[in-house]
Amino acid sequence: MSLKSKLIQYRDASYPIVFIESFEEDKSDKIISEIAASERLSVIEWNGASGACDFKTKEPKGTRKLMLCEMLEILSKDNLERKIIVIKDMNEQLSDYQTVARLKQLALKISSGAIKDCIIVMISPTLTIPRDLEKFITVLEQDYISEKEIEQIITEFAEENDIQVASNLKEQIAIALKGLTEMEINNILSLAVSTDGDITKNSLQFIFEQKQQMIMKSGILEMIPLKESINDIGGLENLKKWLGRKSKVFNNINKAKEFGVNMPKGLLIAGVPGCGKSLSAKATASLFEVPLLRLDMGRLMGKYVGESESNMRSAIRLAEAISPCVLWIDELEKAFAGIGSQNGNEVTTRLFGTFLTWMQEKTSPAFVLATANDITKMPPELLRKGRFDEIFFVDLPNAEERKKIFEVHIGKIPKKYLDNIDIKSLVDKTGGYSGADIESVVKDAVENAFCDDAKTVTTKYIIDAINATKSLSDIMKDDLKKMQDEYEKRQLKKAT
Ligand code: ATP
């Protein structure tokens, strides 16, 4: 249901206060104007810049700028039937108890029917609801712009700036701009034109970088640049095979939908540290040819009532708006630690509930890729069927995998600086080493060879680096055994 229909519905049902969480006041104003015109309602506005003002012109009313509390006092004596009261920039004002009390009084009158056909609409990008108003407020989120609407914005932009954008490029740019507001889209397009003089295929990389910045500023998700490909993963053949099949769906989403294929929900990769879980998350997004968004649960935690849940909903909505995408949740076990236990945190439990429901009901191509070291600490509900499509266990690499991992990392050294390397001897000496250990051994060898003014990196340099490095299994012997036994017991699919 669109934001406009929801607003009409809430007003009809005497919901007293609706909170629209949005940066785009213009867009909300447009919707309110349309409702006011079609339902013959009048609109009163209060905002931080003008105080009480004319809704259309934003011209201040009266000779003095009124505080929100003062305006509410005046309104309480007026006939408010068939009125929409729009309030913006109110966060500061809501820390004043009198303002809150007046709003509460008004809300009570609306919800009890003492004032008919009236609704208060608050608009702000940040949600801070005083506890006293909580039960009167319904939070609505601004609709994200669809791909088709973005294409329309690009068309209008191209006309205004007298440039041509080919229709297939327009489609690609529209996908790249998904999840941004109209204002952000226009800003990026203007910047692209002022940088390149035109909008061409080259602008896509620029658009991607700009979008990355904007998403970072939103503070809810992080867009990770993709440098890794599936060929950068040594071993983990089962996992790669599984991803290869799912990539067929992601690379042909429309066809797959038409065929009746359910959108893959997500994947949990659990297991030993440093063995390629994060690497696999990045390679998955490359393979699926979609953006990678990282969700940091710690960042979602807010200090106000309902703020964390609101952040979680925003993150989910943003991921869905940007989809197709991979939504990566690192250290999943830490994000939802302690759920269900006696001292489990109430907010985390609610966040967990929101996340689970979304995972269960999700049909959008926002593919969740969660990584975890220790799934024994995770709430069992998360591991039940219907959440993740599959759970893979990543163990220390076997000999064949170590060979592949060495090949990947040695392959990064320019050939002219590389001697003939005896990989077999390296593999034999690295039982119990993780992928990260192997990477660091190769890096150390390169650095040592360079500092010695050697012409090439030789097998000896790498063997010396191996001898100087403690393997992961040496460092976490007991914990590793416990982890491996636990995963064995649960009969999880092996990524190898
Ligand atoms: P953690 O649980 O500590 O976050 P992780 O399993 O996510 O670890 P990664 O971050 O994926 O580990 O691995 C660290 C680095 O080790 C990678 O950037 C990569 O260079 C190297 N590496 C690990 N496993 C592999 C592998 N299978 N193939 C190639 N490189 C690997």
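Q: What makes β2 and β3 paired strands?
A: This is a predicted model, and in it three bridges join strand β2 (residues 42–47) to β3. Pairing requires at least two bridges between the strands, so β2 and β3, with three, count as paired. The two run antiparallel, and E45 stands opposite C53 in β3.

Q: What makes β1 and β6 a pair, and which way do they run?
A: Five bridges join β1 to β6. The requirement is at least two, so the two strands pair. They run parallel, with F19 standing opposite V139 in β6.

Q: Which strands make up the open sheet, and in what order?
A: The sheet has six strands in the order β3-β2-β4-β5-β1-β6, and its pairing is mixed. Neighbouring strands of this sheet are turned by 25° against each other on average, direction ignored.

Q: Why are β3 and β6 said to stand at the edges?
A: β3 (51–53) and β6 (137–141) each have a single partner strand, so one side of each is left without a neighbour in the sheet.

Q: How do you know that β6 is mostly covered?
A: Four of the five residues of β6 are buried. Buried here stands for a relative accessible area under 20%.

Q: Which helices lie across strands of this sheet, and at what angles do they run?
A: Helix α1 (residues 3–12) lies across β1 (17–21), β5 (118–124) and β6, running at about 165° to β6. Helix α4 (residues 97–112) lies across β1, β4 (83–88) and β5, running at about 135° to β5.

Q: Why is T99 called buried?
A: T99 is found in helix α4. Its relative accessibility is 1%; the cut-off for buried is under 20%, so T99 counts as buried. Leaving out residues up to four places away in sequence, T99 touches L68, C69, L72 and Q93.

Q: Why does L169 count as buried?
A: L169 has a relative accessibility of 9%. That is under the 20% limit, so the label buried applies to L169. The residue is found in helix α6 (residues 167–176).

Q: How do you know that L169 and K201 are in contact, given that they are 32 residues apart in sequence?
A: K201 is listed among the residues that L169 touches, along with I199, T200 and L204, not counting residues up to four places away in sequence. A contact needs heavy atoms within 4.5 Å.

Q: What makes the peptide bond from S323 to P324 worth noting?
A: The bond from S323 to P324 is cis, with omega near 10°. Most peptide bonds are trans. P324 is found in the loop between α13 (307–322) and β10 (325–329).

Q: Where are L236 and D453, and what is the phi of each?
A: L236 is in the loop between β7 (221–224) and α9 (237–251), and its phi is near 50°. D453 is found in the loop between α18 (435–451) and α19 (459–467), and its phi is near 60°. Both values are positive in a residue other than glycine. Most residues other than glycine have a negative phi.

Q: What share of the whole chain is buried, and what share of the contacts joins residues at least 24 apart?
A: Buried residues make up 49% of the 496 residues in the chain. Among contacts between residues at least 6 apart in sequence, 78% join residues at least 24 apart.

Notes
Residues are numbered from 1 along each chain as its sequence is written. This is a predicted model: local features need pLDDT of at least 70, side-chain atom pairs count only at pLDDT 80 or more; totals for chains, interfaces and linings use all residues. Side-chain values use heavy atoms; hydrogens and water are left out. Buried means under 20% relative accessible area, exposed over 50%, partly exposed in between (1.4 Å probe, protein chains only). Axes are lines fitted to C-alpha atoms, for helices over the stretch in contact, and angles run from 0 to 180 degrees between N-to-C directions.
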